[in-house]
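Let us read this structure one feature at a time. Look it over first, and then ask.

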Amino acid sequence: MAGLSARGPYVESSEEAKVLTCQKALEFAIDVGFMELVVEGDNAIVMKSLLSPRVNRSRLGHIYEDVRTLAAGFRSLFVGCIKRSANSIARSLACYAGQLDDEIVWLEESPPPALDAL
């Protein structure tokens, strides 16, 4: 239904990259008007922590809190963990984003990097 590639800030860890990606995805979903969302990722720690009611006291805790706040605005939200091998489309969009200066949005069309990954 929609796709996005955007270069993010410098990150110190895979966890930070994944949680920032989730934050950006939720913001994007809100912007395009989705009320039901499925979020899948290959980092089990991030996926479990996204909607955990426990306060995250790590240096990324404020980002997790922001994601929880954004998530509360959806009518339906499913968060699941998938194998890295099943996440090739997201990986291709992330690699593509590394070459960008500005974000690119695809609405009602398939992103070419995703098609290449298939």
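**Reading the model**

Q: Does Lys83 count as buried or exposed?
A: Lys83 counts as exposed, at 65% relative accessibility (buried is under 20% relative accessible area, exposed over 50%, partly exposed in between, with a 1.4 Å probe and protein chains only). The residue sits in the loop between β3 and α4. Its C-alpha atom is separated by 25 Å from that of Trp106, 23 residues away along the chain.

Q: What should I know about the model and its numbering?
A: This is a predicted model, in which local features need pLDDT of at least 70 and side-chain atom pairs count only at pLDDT 80 or more, while totals for chains, interfaces and linings use all residues. Residues are numbered from 1 along each chain as its sequence is written, and side-chain values use heavy atoms, with hydrogens and water left out.

Q: What is the mean pLDDT of the chain, and which elements have the lowest and highest values?
A: The chain has a mean pLDDT (the predictor's confidence in each residue, from 0 to 100) of 87, and 98% of its residues reach 70 or more. Among the elements of the chain, helix α5 (residues 112-117) has the lowest mean, 73, and α3 has the highest, 94. Helices (H or I, at least four residues) and strands (E, at least two) are DSSP runs numbered from the N terminus.

Q: How do α1 and α3 pack?
A: Two packed helices are described by the angle between their axes and the distance between the axes. Helix α1 (residues 14-32) and helix α3 (residues 61-71) pack at about 25°, with axes 10 Å apart. Axes are lines fitted to C-alpha atoms, for helices over the stretch in contact, and angles run from 0 to 180 degrees between N-to-C directions. The two helices are therefore roughly parallel to each other (under 35 degrees; over 145 is roughly antiparallel, 65 to 115 roughly perpendicular and the rest oblique).

Q: Which residues make that contact?
A: From α1 come Glu15, Val19, Leu20, Gln23, Leu26, Glu27 and Ile30. From α3 come Ile63, Tyr64, Asp66, Val67, Leu70 and Ala71. Contact means heavy atoms within 4.5 Å. By class, the contact of α1 with α3 has nine nonpolar, one polar and three charged residues (Ala, Val, Leu, Ile, Met, Phe, Trp, Tyr, Cys and Pro are nonpolar, Asp, Glu, Lys and Arg charged, the others, Gly among them, polar).

Q: Which residues of α3 are buried, and what covers them?
A: The buried residues of α3 are Gly61, Ile63, Tyr64, Val67, Arg68, Leu70 and Ala71. Their cover includes α1, α2 (44-50) and β3 (76-81).

Q: What does Lys24 touch?
A: Lys24, in helix α1, touches Leu4, Ala6 and Glu103, not counting residues up to four places away in sequence. Lys24 is partly exposed, with a relative accessible area of 32%. Lys24 and Gly3 are 21 residues apart in sequence and 12 Å apart in space, C-alpha to C-alpha.

Q: Where is Leu107, and what does it touch?
A: Leu107 belongs to strand β4 (residues 104-107). Not counting residues up to four places away in sequence, Leu107 touches Met1, Ala2, Phe28 and Val32. Leu107 and Ala2 are 105 residues apart in sequence but 4.5 Å apart in space, C-alpha to C-alpha. Leu107 is partly exposed, at 47% relative accessible area.

Q: What is the phi of Glu108?
A: Most residues other than glycine have a negative phi. Glu108 has a positive phi of about 60° although it is not a glycine. Glu108 lies in the loop between β4 and α5 and counts as exposed, at 69% relative accessibility.
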